Amino acid sequence: MNGRYVDRFSPVTGERIGRFALASAADAKKAVHAARIAFDNGPWPQMDPAERAEIMLKTADLLQERREELAVSESVTTGTPLRFTHNFISSAVKTFRYFAGLARTIKPTALALRRPAWVSPSRNRLASLALSYPGIFHWVKQPGRSVRH
């Protein structure tokens, strides 16, 4: 990292929420590369589809259990109305459950892709990664969609 930081303030309360490192395009590129290597060499690709499904279901359960806490935190952090952050989290729960069901039914050979589209960074996706702020909002909002501009 380049040693630069930015303070983030709540648009709702004006309170300082935290201090976050600023990343350069090169930092973001390194992070994407490291994530690719970790994914390719990590446990996920070797997992049985049922194991993947269990992890996705556990993620959905945890999001559901902490729905109120996450919604309030995101609302204070971003200024998004609480009713919307509740809906975003509910959508994320449904998305994880949906893909958990798919993981159990789709054979790996049915997806004859060279690489999944959502982990194939283009310059625009890389810029999106570099510009996103720490938090869960964008991940929770639509976890199953790729980032496109």
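**A53 and helix α2**

I looked up A53 and found it in helix α2, residues 49–65. The model is predicted, and I read every value below as computed from it.

Is A53 buried or exposed? Its relative accessible area is 0%. I note A53 as buried because the cut-off for that class is under 20%.

Next I asked which residues A53 touches beyond its neighbours within four places in sequence. I found contacts with A100, A103 and R104. I then checked one of these pairs, C-alpha to C-alpha. A53 and A103 are 5.7 Å apart in space, and 50 residues apart in sequence.

**The rest of α2**

I went through α2 for its buried residues. They are A53, M56, A60 and L63. How wide an arc do they cover around the axis? The arc is only 85 degrees, so the four sit on the same side of α2.

α2 has 17 residues, and its first and last C-alpha atoms are 24 Å apart. That is close to the 24 Å expected at 1.5 Å a residue.

Then I looked at the start of α2. A side-chain oxygen of D48 comes to within 2.8 Å of the backbone nitrogen of A50 there.

**F99 and helix α4**

I moved to F99, which I placed in helix α4, residues 82–105. I class F99 as partly exposed, because its relative accessibility is 34% and that class lies between 20% and 50%.

**Helix α1**

I ran the span check on α1, residues 25–41. I got 17 residues and 24 Å from the first C-alpha to the last. The expected value at 1.5 Å a residue is 24 Å, and the span is close to it.

Which residues of α1 are buried? I listed D27, A28, V32 and R36.

Last, I turned to the strands. β1 covers residues 5–9 and β2 covers residues 16–21. How do the two strands run? They are antiparallel, and 5 bridges join them. I looked up V6 and found its bridge partner in β2 to be F20.

I finished between the strands. The hairpin has 6 residues there. I noted G14 in this hairpin for its positive phi, near 80 degrees.

Methods. Residues numbered from 1 in each chain as written. Predicted model: local features only at pLDDT ≥ 70, side-chain atom pairs only at ≥ 80, totals over all residues. Heavy atoms only, no water. Buried < 20%, exposed > 50% of the residue type's maximum accessible area, 1.4 Å probe, protein only. Contact = heavy atoms within 4.5 Å. Expected span 1.5 Å × (residues − 1). Arc of directions from axis to C-beta. Polar contact = N/O pair within 3.5 Å; in protein donor to acceptor, adjacent residues only side chain to side chain. Pairing = 2+ DSSP bridges.
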